[in-house]
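Hi everyone, thanks for having me.

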Amino acid sequence: YVCGDIDGSATVYAVQTNLYARKDDAGTRQIAPLIRQGGTDYPGTTVTMASSYTYYSQLYDQDPTPAAWTAAHVNADEFGIKEIA
């Protein structure tokens with residue numbers, strides 16, 4: 001997803017992804033947050049989904065390259081979800 005821009009002069013201490021999802025079948029399902037930076041996908045920590053809607057949050061204190069976050073990186077990045085299994 002492309003998100004709205006933050007103030008270009010903002011100091012970014014961390015970025016948090018928040019996924020709200022549930023599995024709707026009998027098998028085990030796993031997902032991970034995804035950050036796309038410069039055309040490269042960086043999946044986050046894999047979680048096993050519950051049968052009821054649940055929030056899955058992950059805090060990134062550095063961008064995926066890893067470097068300090070900047071407003072320019074946040075504004076250029078895309079955020080999403082990846083099905084692992």
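Let me start with a question: is Tyr53 buried, partly exposed or exposed? Tyr53 is partly exposed, because its relative accessible area is 47%, and the cut-off for exposed is over 50%. Please keep in mind that this is a predicted model.

Now, how many aromatic pairs are there? The count comes to two. Take Tyr20 and Tyr53: their ring centres are 5.2 Å apart and their planes sit at 20°, so we call this pair stacked. Where do these two residues lie? Tyr20 is in strand S1, residues 15-21, while Tyr53 is in the loop between strand S4 (47-48) and strand S5 (54-60). The pair therefore ties together parts that are 33 residues apart in sequence.

What about Tyr20 itself? Its relative accessibility is 48%, so Tyr20 counts as partly exposed.

Tyr20 also pairs with Tyr55. Here the ring centres are 4.4 Å apart and the planes are at 35°, so this pair is tilted. Tyr20 lies in strand S1 and Tyr55 in strand S5, so this contact ties together parts 35 residues apart in sequence. As for Tyr55, it counts as exposed because its relative accessibility is 59%.

Note on methods
Residues are numbered from 1 along each chain as its sequence is written. This is a predicted model: local features need pLDDT of at least 70, side-chain atom pairs count only at pLDDT 80 or more; totals for chains, interfaces and linings use all residues. Side-chain values use heavy atoms; hydrogens and water are left out. Rings of Phe, Tyr and Trp (its six-membered ring) pair if their centres lie within 6.5 Å; planes under 30 degrees apart count as stacked, over 60 as edge-to-face and the rest as tilted. Helices (H or I, at least four residues) and strands (E, at least two) are DSSP runs, numbered from the N terminus. Buried means under 20% relative accessible area, exposed over 50%, partly exposed in between (1.4 Å probe, protein chains only).
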